[in-house]
Amino acid sequence: MRALGELLKAVDGEYAIKTAQELVRIPSENPPGREKDVTEYILRELKRLKFDDIKISEAEPDRPNIIAKLHGRLGTRTLLLNGHMDVVPAGSGWTVPPYGGVIRDGRLWGRGACDMKGGLAAILAVAKAYRDAALQPEGNILFTFVVDEEMGGKKGTGFLADRGLLKADMAIVAEPSNFRLSVSEGGVVWIKLIIHGKQAHTINAKAAINPIEKASKVIQELQRLNEKLQKLRHPKFGSPVLSVNVIRGGDKINIVPAQCVLQADLRLPPGIGISVKEAQAYIEQSLKELTIQDSLLRVEMEFSVVAYPFEQPEDTQIVELLKSATKAVLGHEAEWWHRDTGAILPKEDSDVFHLWTKCRIPSVYFGPGEVELAHAVDESIRIEEIVQAAKIFTLTAFMAVGG
Ligand SMILES: [Zn+2]
C-alpha cells in the first residue's frame with residue numbers, strides 16, 4: 001500500500017487546475033472543428049511527462065486524435081481514459097471572456113471549462129501522478145484525447161474504434177456528470193413529416209386537398225402510436241415518448257396551402273425490445289395504412305437518428321472501482337444517472353456509445369462539472385471538482401491496473 005500512498009500524494013491539484021485553465025484559453029470550437037491547438041498543447045505535455053508511445057490518428061487533415069500509452073510492467077490489463085478536446089462555439093451574451101480562463105469565486109470560467117477541459121486536465125494529472133511517484137503500473141493505461149465529440153464523434157472516438165485502435169478492458173469517459181455514473185443511454189430520433197396537399201383559393205376548396213386537415217389525421221395516428229409505445233417500459237429509463245412538437249403550414253387565410261410539415265421527437269429507451277429500425281418500420285407501416293384508408297393523403301417521412309440507444313451491464317468492474325474511489329475521495333457513493341444523450345444537450349452519439357457498441361469496452365461516463373452548465377453562456381466548473389476528479393481517476397487507475 002506504500003505505492004498507493006506515494007501515488008495519491010503525487011496527485012498535483014495545482015497542476016490540474018492550471019492545466020484546465022490553460023486548456024480553456026485555447027479555443028477549440030466544433031463546429032468547425034479546430035482542435036489542433038489543443039492537440040499540440042497536450043502533445044507537448046505528454047512529451048514533458050516522458051510518454052514514448054504516442055500515436056496520432058486523424059480522419060481528416062488538422063484534426064488529430066492522440067493515443068498515448070503508459071506501458072505497464074506486465075501489461076496484463078488496460079484502463080482507457082478518454083477525453084474530447086473540442087468545445088461547442090462560445091456564442092454571445094457572456095459576462096466573462098469565454099476564452100479568458102478566469103478563476104473567480106472558486107470556479108474556472110469559460111467555454112469548455114465544464115465540458116470538458118476540466119476532465120481533460122484531471123486525466124493529464126493521472127499521468128503526471130504516475131510519473132512524479134516514479135511508479136510503473138502493472139497493467140497499461142491508455143490515454144485518448146479525441147476530436148469531434150460535440151458532433152457525434154465519428155472523426156474522434158468513433159474513428160479510432162472503427163480502425164481497431166482501441167483495446168482496453170475498461171474505460172472512463174471523463175465528461176461532466178456531476179460525478180454520477182452513466183453507462184447506458186436512451187436514443188433520440190427526429191421525425192419530419194411532409195404532408196402534400198393541393199393548393200387553391202378557399203372558394204375553390206372543393207378542388208383542393210387541404211394538407212392541414214390531413215395533418216390532423218397524421219397527428220392522431222402518432223398519438224395512438226405514442227400510447228402504444230408507452231406500454232413498453234425500461235425499469236430505469238422509463239417509457240418511450242413520441243411527441244409532435246412542430247407544425248407548420250399555410251400562408252394566407254384565404255388559400256388552402258400546398259403543404260403542411262410536422263416534426264416529432266422520439267425518445268427511445270434502451271433494452272425495451274424495440275430498436276430504432278423497428279420503431280421506424282412501425283411508424284412507416286402505420287402511415288402506409290393511413291394512406292390506404294385515405295387515398296388523398298400523401299405523406300413523406302424523413303427519419304434522422306440523433307443518437308442510438310444502448311445498454312451496458314451495470315455491475316462491471318470499472319463501475320465498482322469508480323464507486324469505491326468516489327466514496328474514498330468525496331465521502332459518499334456515486335449515484336446513477338439514467339439519461340438519453342439529448343436529455344440536456346441536444347447532441348449525437350457519445351464516446352461511451354462508440355467504446356461500448358464498437359469495441360465492447362465496458363465504459364463509464366463520469367467526471368467533474370455540473371452538466372447543466374455545459375454548452376451554456378458563462379460556462380464554469382468548480383476548481384475543487386477538477387482536483388477531486390484527478391484523485392478519483394488516479395485511485396481508480398491504481399485499483400484497476402496497479403502501481
Ligand atoms: Zn462533452
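Modeller: A crossing of two helices is called right-handed if the near helix is turned clockwise from the far one by less than a right angle, and left-handed if it is turned anticlockwise. With that term in hand, and bearing in mind that this is a predicted model, one may turn to the pair in question. The crossing of helix 8 with helix 10 is right-handed. Helix 8 spans residues 317-330 and helix 10 spans residues 383-401; their axes come within 9 Å and cross at roughly 135°. Helix 8 is therefore oblique to helix 10.

The residues that form this contact can be named on each side. Helix 8 contributes Ile318, Leu321, Leu322, Ser324, Ala325, Thr326, Ala328, Val329 and Leu330. From helix 10 come Gln388, Lys391, Ile392, Leu395, Thr396, Met399 and Ala400. Sorted by class, the contact of the two helices comprises 11 nonpolar, 4 polar and 1 charged residues.

Asp115 belongs to helix 4 (residues 113-132), while Glu175 sits in the loop between strand 7 (170-173) and strand 8 (185-196), so the pair ties together parts that are 60 residues apart in sequence. Asp115 and Glu175 are both buried.

Two further residues may be examined one at a time. Leu142 is found in strand 6, which covers residues 140-146. Its relative accessible area is 6%, and Leu142 is therefore buried, since the term applies under 20%. Setting aside residues up to four places away in sequence, Leu142 touches Ile67, Ala68, Lys69, Thr78, Leu79, Leu80, Leu81 and Lys167.

Lys214 is located in helix 6 (residues 211-229). With a relative accessibility of 14%, Lys214 also counts as buried. Apart from neighbours within four places in sequence, the contacts of Lys214 are Ile195, Ile209, Asp294, Leu296 and Leu297.

To return to the part requested, helix 8 and helix 10 meet in a right-handed crossing, at an angle of roughly 135°.

Technical notes: Residues are numbered from 1 along each chain as its sequence is written. This is a predicted model: local features need pLDDT of at least 70, side-chain atom pairs count only at pLDDT 80 or more; totals for chains, interfaces and linings use all residues. Side-chain values use heavy atoms; hydrogens and water are left out. Axes are lines fitted to C-alpha atoms, for helices over the stretch in contact, and angles run from 0 to 180 degrees between N-to-C directions. Helices (H or I, at least four residues) and strands (E, at least two) are DSSP runs, numbered from the N terminus. Angles under 35 degrees count as roughly parallel, over 145 as roughly antiparallel, 65 to 115 as roughly perpendicular and the rest as oblique. Contact means heavy atoms within 4.5 Å. Ala, Val, Leu, Ile, Met, Phe, Trp, Tyr, Cys and Pro count as nonpolar, Asp, Glu, Lys and Arg as charged, and the others, Gly among them, as polar. Buried means under 20% relative accessible area, exposed over 50%, partly exposed in between (1.4 Å probe, protein chains only).
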